[in-house]
Amino acid sequence: MTVCLKPTAGLTGKPFHYCPGCTHGVIHRLVAEALVELGVLERTVGICPVGCAVFAYEYFNCDMIEAAHGRAPAVATGVKRVLPDRVVFTYQGDGDLAAIGTAEVVHAAARGEKITTVFVNNAVYGMTGGQMAPTTLVGQKTTTTPFGRQVAEAGYPLKVAEMIATIDGAAFVARVAVNSPKNILRAKQAILRAFKVQLAGRGFSLVEVLSTCPTNWGLSPPEALKWVEEKMIPVFPLGEFKVPEGEG
Ligand SMILES: Cc1ncc(C[n+]2csc(CCOP(=O)(O)OP(=O)(O)O)c2C)c(N)n1
Ligand code: SF4
C-alpha cells in the first residue's frame with residue numbers, strides 16, 4: 001500500500017472532533033508541519049481560541065494554553081515577553097478574533113508583538129450554531145440573518161488581513177485558502193513565512209486562512225470547497241498584504 005500522508009510529529013494523533021469536510025483539521029496540520037520543519041516544535045507555545053478549535057490543545061504536540069474568548073493575543077503577548085526564545089502563536093476563528101477579540105489583535109499588531117496569529121475565517125460562528133460573524137458575506141444566510149446579511153442592518157464584512165496590514169507593527173500579513181491542493185501548498189508557505197518573520201524578530205505576523213463550515217453553511221463538503229472558491233475568494237482576495245521591509 002502506498003502511504004500518501006504520514007503522521008506529523010507536530011500533532012498528537014488524537015482524532016479531531018471537527019465535522020466532516022471542516023478544514024480546521026487541514027490548517028492544524030499545516031501549522032504543525034511548519035513548526036516541525038523549522039525545528040521549533042519543542043520551544044513553541046500555542047494559544048487556543050474559544051470556538052470550534054477550543055480543543056486545539058489536545059491536537060498540537062507542543063505547549064498550549066487556553067485563552068478566554070478573543071484574548072489569545074494578550075495571552076500570547078505575555079508568554080512571548082516573559083519567554084522571548086519561545087515561538088508563540090495564536091489560533092483564532094473569526095468570531096474570536098474579529099468580533100469579541102478585535103481590540104486584542106489590533107493592539108498586539110500595533111505593539112509589533114513578535115507573535116504569529118493564524119486567523120481562521122469561515123464566515124460564521126461555527127461552534128455556537130452558525131450565527132452571523134463580522135466576516136459573513138453580504139446576502140449570506142445565517143441563523144441570525146435568515147434573509148441574508150443586509151448592509152443596512154449589519155454592515156459589511158470585515159477584511160481583517162487588509163486592516164491589520166495598515167498597522168506599522170505588522171511585519172507580515174497574508175490571506176490564503178485551503179480549498180484545493182494548490183491553495184493548501186500556498187497556505188503552508190505563508191504559515192512558514194509568518195513563523196520565519198517571528199524567528200527573525202521582525203514583528204507581528206498574521207495569516208488569514210479561508211476555511212469551510214459545511215455544517216453551518218448547509219452544504220456538503222465538496223460544495224463547501226466550491227463555495228470558498230466562488231463566494232469567499234472574490235470578497236476576501238488571496239495574497240500577501242504586507243511583507244517585511246527589504247523582502248520581496
Ligand atoms: C465571552 C464569551 N462570549 C461568547 C461566547 C460564546 N462563544 C463560544 S464560541 C463562539 C463563536 C466562535 O466562532 P468562531 O470564532 O468564528 O470560531 P469557529 O467556531 O467558527 O471555528 C461564541 C460566540 C463565549 N464562549 N465567551
Ligand atoms: S461547526 Fe463548522 S467550523 Fe465547527 S467543526 Fe463543524 S464544520 Fe468546522
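Colleague: What makes strand E1 (residues 44-48) and strand E3 (residues 87-93) a pair, and how do they run?

Modeller: Two strands pair if DSSP finds at least two bridges between them. Four bridges join E1 to E3, so they pair, and the two strands run parallel. Within E3, Thr90 stands opposite Ile47. Do keep in mind that this is a predicted model, where local features need pLDDT of at least 70, side-chain atom pairs count only at pLDDT 80 or more, and totals for chains, interfaces and linings use all residues. Residues are numbered from 1 along each chain as its sequence is written, chains are lettered from A and ligands numbered from 1 in the order in which they are written, and side-chain values use heavy atoms, with hydrogens and water left out.

Colleague: Why are strand E2 (63-66) and strand E9 (239-242) called edge strands?

Modeller: The open sheet has seven strands in the order E2-E1-E3-E4-E8-E7-E9, with mixed pairing. E2 and E9 each pair on one side only, which makes them the edge strands. From one strand to the next, the twist averages 20 degrees.

Colleague: Why is helix H1 (residues 24-37) called oblique to helix H7 (residues 181-199)?

Modeller: Their axes come within 9 Å and cross at roughly 45 degrees. Angles under 35 degrees count as roughly parallel, over 145 as roughly antiparallel, 65 to 115 as roughly perpendicular and the rest as oblique. The H1 and H7 angle falls in the rest, so H1 is oblique to H7. The axes are lines fitted to C-alpha atoms, for helices over the stretch in contact, and angles run from 0 to 180 degrees between N-to-C directions.

Colleague: Which residues make that contact?

Modeller: With contact meaning heavy atoms within 4.5 Å, H1 contributes Val26, Leu30, Val31, Glu33, Ala34, Leu35 and Glu37, while H7 contributes Ile184, Ala187, Lys188, Ile191, Leu192 and Phe195. By class, that is ten nonpolar, no polar and three charged residues. Ala, Val, Leu, Ile, Met, Phe, Trp, Tyr, Cys and Pro count as nonpolar, Asp, Glu, Lys and Arg as charged, and the others, Gly among them, as polar.

Colleague: What surrounds ligand 2?

Modeller: Its shell includes Cys19, His24, Asn122 and Cys213, near in the sense of a heavy atom within 4 Å. The shell divides into six nonpolar, five polar and no charged residues. Helix H8 (residues 214-217) gives the largest share, three residues.
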